[in-house]
Structures are given as structure tokens and as C-alpha cells.
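Dear colleague,

Please find below the structure that I am handing over to you, with its sequence. My notes on it follow directly after.

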Amino acid sequence: MRTLIIEDERGLAGVIADGLAAEGFVAEVAHDGTDGLWRALHESYDVIVLDIMLPGLSGYEVLKRLRCARVWTPVLVLTAKDGEYDEADALDLGADDYLSKPFSYVVLVARLRALLRRGAPARPAVLRADDLSVDPARRRCRRGERDIELTAREFALLEYLVRHADEVLSKTDILTHVWDEHFDGDTNIVEVYVGYLRRKIDAPFDRRTIETVRGFGYRLRGGAG
């Protein structure tokens, strides 16, 4: 079980490596993003432990370049304490799991073993529904080869619909996940934004991707990839 640890705090990296070696892992260490990326691209690992704050290249950039190169080695990201945005961005870029510092070593080992059990299936970070693609990390939407400009709220709504493609989603579901659970405005805001999306992703292409399911809500046809 060959593990690459990309961590610039040498003391922490050494502790992790020694602990993993005691658990039967073969642990190698890189202390900056540039070296870590090179190793991850050119050598074979079963799992990678990746810090976010790194010299050379950030953990985000390392992760993005790995996935762009179609390297699907499972990655567990180490984030700052209470770094909710760090965690969300890492997952959007293709991370498989994360731990906030300081973390329990026992939990780290358990999560690495869980990632190893799951293996590394090819799973692009770009979501697809027919020829519509949504890239959460780059906040990019395309229909075929044509880029589509969306506002932040439009993008969030489309991402949610694509992630749940072929499912009927109620206005309440959409408000909770795209706005927030405490939203107390007019629920017709969902209808308004669905209309905005239709004018951008469907009408110019003569498509009807977003369906209204009368009495229930909305469904995006096509299946997510």
C-alpha cells in the first residue's frame, strides 16, 4: 500500500510517514507541491495525503493538475481547522476525502484504508447531461463546444439539477440546497431562475433539458456523469 504524503510541515510529515509505516504502508514524502505533483504523475501510488497550503504549488493546483491528467489515485486532503471552504473546494476539484487539522491519527489511518478499499475508479470531476457539461471547480458550463455564461446562482441551480439528473426535485428541495434552509422569500424565485436557465442552456440550442413536472417540481433530463 504505497502512499505519497505531500506536506511541507516536516515534523508532521515525518510523524505521518512513521505511523503509516508501522501500519504496513510504504510511505514517501514530498515537502512542496512541485515535487509532490511530479511524483504523483510519474510514479504509482495507492493513495495520496495532500496538504492545501504548500510552497511551489498549492494543494488545490496539485489536485487540479492530477485530475486534468486523468490520474485518479484516491486523494485525502488535509485542511485548516474549520476550513469549510477549503473542504468544499477540494471536493469540487476531485478530492476523495478530507481531514481538518488537528486530526486524529487513528481516523486518518481508517479513512486511508477506506479509500484503498474503494480503489480508484475513473470519475471525472466534470458533470454531464447529454452534451451539457458542468465543471464545478472552474465554474464553467458548456453545451457541446459552446461556453454558456451563468451567474453564481444560476450555476448553483444548474449544478444541483445535474447532480440529481432524472430525479424530480421539489421547490423546497431546490430552495434548501441552492439558497438555504432558512430562506423565507417567495418560493416562485425557483421558477424565475429555472426560466433564466432555460433561456441560456435550452432555448438557443432548441432543447428542453429542464422539465416541469406539474404538481411536483422540476427534472433535468440526461443523466449525470
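In what follows, angles under 35 degrees count as roughly parallel, over 145 as roughly antiparallel, 65 to 115 as roughly perpendicular and the rest as oblique. Axes are lines fitted to C-alpha atoms, for helices over the stretch in contact, and angles run from 0 to 180 degrees between N-to-C directions.

The model is a predicted one, in which local features need pLDDT of at least 70 and side-chain atom pairs count only at pLDDT 80 or more, whereas totals for chains, interfaces and linings use all residues. Residues are numbered from 1 along each chain as its sequence is written, and side-chain values use heavy atoms, with hydrogens and water left out.

Overall architecture

The protein chain has eight helices and 11 strands; these are DSSP runs numbered from the N terminus, helices being H or I of at least four residues and strands E of at least two. Along its principal axes, the C-alpha trace spans about 60 × 40 × 30 Å. Of the 225 residues, 42% are buried, where buried means under 20% relative accessible area, exposed over 50% and partly exposed in between (1.4 Å probe, protein chains only). Contact means heavy atoms within 4.5 Å. Among contacts between residues at least 6 apart in sequence, 57% join residues at least 24 apart.

The parallel sheet

Five strands form an open sheet in the order β2-β1-β3-β4-β5, with parallel pairing; two strands pair if DSSP finds at least two bridges between them. Its edge strands, each pairing on one side only, are β2 (26–30) and β5 (97–100). From one strand to the next, the twist averages 20 degrees. Strand β1 (residues 2–6) runs parallel to β2 and is joined to it by five bridges; Thr3 has Ala27 of β2 as its bridge partner.

Two helices pack on this sheet. Helix α1 (residues 10–22) touches β1, β2 and β4 (75–79), and its direction makes about 170 degrees with that of β1. Helix α2 (residues 33–42) touches β1, β2 and β3 (47–51), its direction making about 140 degrees with that of β2.

The antiparallel sheet

A further open sheet has four strands in the order β6-β7-β8-β9, with antiparallel pairing. Here the edge strands are β6 (127–129) and β9 (146–148), each of which pairs on one side only. The twist in this sheet averages 25 degrees from one strand to the next. Four bridges join the antiparallel strands β7 (residues 132–135) and β8 (residues 140–143), and Val134 has Cys141 of β8 as its bridge partner.

Helix α6 (residues 152–163) packs on the sheet and touches β6, β7 and β8, with its direction at about 115 degrees to that of β7. Val162 is placed in α6 and is buried, its relative accessible area being 0%. Although Val162 and Leu127 are 35 residues apart along the chain, their C-alpha atoms are separated by 6.9 Å. Helix α8 lies across β7, β8 and β9 and runs at about 55 degrees to β8.

Helices α7 and α8

How do α7 and α8 pack, and at what angle? Helix α7 (residues 171–179) and helix α8 (residues 188–202) have axes 9 Å apart, at an angle of about 80 degrees; the two are therefore roughly perpendicular to each other. On the α7 side the contact is made by Lys171, Ile174, Leu175 and Trp179, and on the α8 side by Asn188, Ile189, Val190, Glu191 and Tyr193. By class, the contact has six nonpolar residues (Ala, Val, Leu, Ile, Met, Phe, Trp, Tyr, Cys and Pro), two charged ones (Asp, Glu, Lys and Arg) and one polar one (the others, Gly among them).

Thr209

Thr209 lies in the loop between α8 and β10 (210–213) and is buried, with a relative accessible area of 6%. Leaving aside neighbours within four places in sequence, Thr209 is in contact with Arg143, Asp202, Arg219, Leu220 and Arg221. From Leu37, Thr209 is 172 residues apart in sequence and 39 Å apart in space, C-alpha to C-alpha.

Cysteines

With a disulfide taken as a pair of cysteine sulfur atoms within 2.5 Å, the count comes to zero disulfides. The cysteine sulfur closest to that of Cys68 is in Cys141, 17 Å away, which is too far for a bond. Cys141 counts as buried, at 1% relative accessibility.

With kind regards
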